[in-house]
Amino acid sequence: MCISYNSTTADTQQQQAKLDEALAALRAAAESAAPIPVVISDVHMPDRDGFALAEEIRSDEQLAHTVIIMLTSGDRADDVRRCEQLRT
């Protein structure tokens, strides 16, 4: 599953809905016989960034094993540390 933000095509409410839909899809897949093994997420998104999404995934017992790949075009020193903390 790929989760990203495109500022030219999505406003904040639409993006929030897409994140909620993505989490719902992950949970539904986890309950089925075909869980989604990998999530690719943008780090910098409005309202709930990729780190908040990763925290939600890691805190859900059904999803905690999901591999999370974080992508960013930014150069923030804390990004690497946060990825390590979240095992992404």
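This report walks through the nonpolar core and the salt bridges of a predicted model.

## The core

Start with the inside. The largest nonpolar core holds 15 residues, and Leu-23, Leu-26, Phe-51, Leu-53, Ile-57, Ile-68 and Met-70 have the most contacts within it. At least two core residues come from each of helix H1 (12-31), helix H2 (50-59) and strand E3 (67-71). H2 gives the largest share, with 4 residues.

Take Met-70 as an example. Setting aside neighbours within four places in sequence, Met-70 touches Ser-41, Val-43, Gly-50, Phe-51, Cys-83 and Thr-88.

## A buried aspartate

Asp-79 sits in helix H3 (residues 77-85). Its relative accessibility is 9%, so Asp-79 counts as buried, the cut-off being under 20%. Beyond its neighbours within four places in sequence, Asp-79 is in contact with Val-43, His-44, Phe-51 and Thr-72.

## Salt bridges

The count comes to 3 salt bridges. In one of them, the side chains of Arg-27 and Asp-60 meet at 2.7 Å, N to O. Arg-27 is in helix H1 and Asp-60 is in the loop between H2 and E3, so this pair ties together parts 33 residues apart in sequence. Arg-27 is partly exposed at 30% relative accessibility, while Asp-60 is buried at 14%.

Glu-55 and Arg-82 also pair up, at 4.0 Å, N to O. Here helix H2 supplies Glu-55 and helix H3 supplies Arg-82, so the bridge links parts 27 residues apart in sequence. Then there's Arg-81 with Asp-78, whose closest N and O atoms are 3.8 Å apart. Both lie in helix H3, 3 residues apart, or about one turn of the helix.

Notes: Residues are numbered from 1 along each chain as its sequence is written. This is a predicted model: local features need pLDDT of at least 70, side-chain atom pairs count only at pLDDT 80 or more; totals for chains, interfaces and linings use all residues. Side-chain values use heavy atoms; hydrogens and water are left out. A nonpolar core is a set of buried Ala, Val, Leu, Ile, Met, Phe, Trp, Tyr and Cys residues joined through side-chain atoms within 4.5 Å. Buried means under 20% relative accessible area, exposed over 50%, partly exposed in between (1.4 Å probe, protein chains only). Contact means heavy atoms within 4.5 Å.
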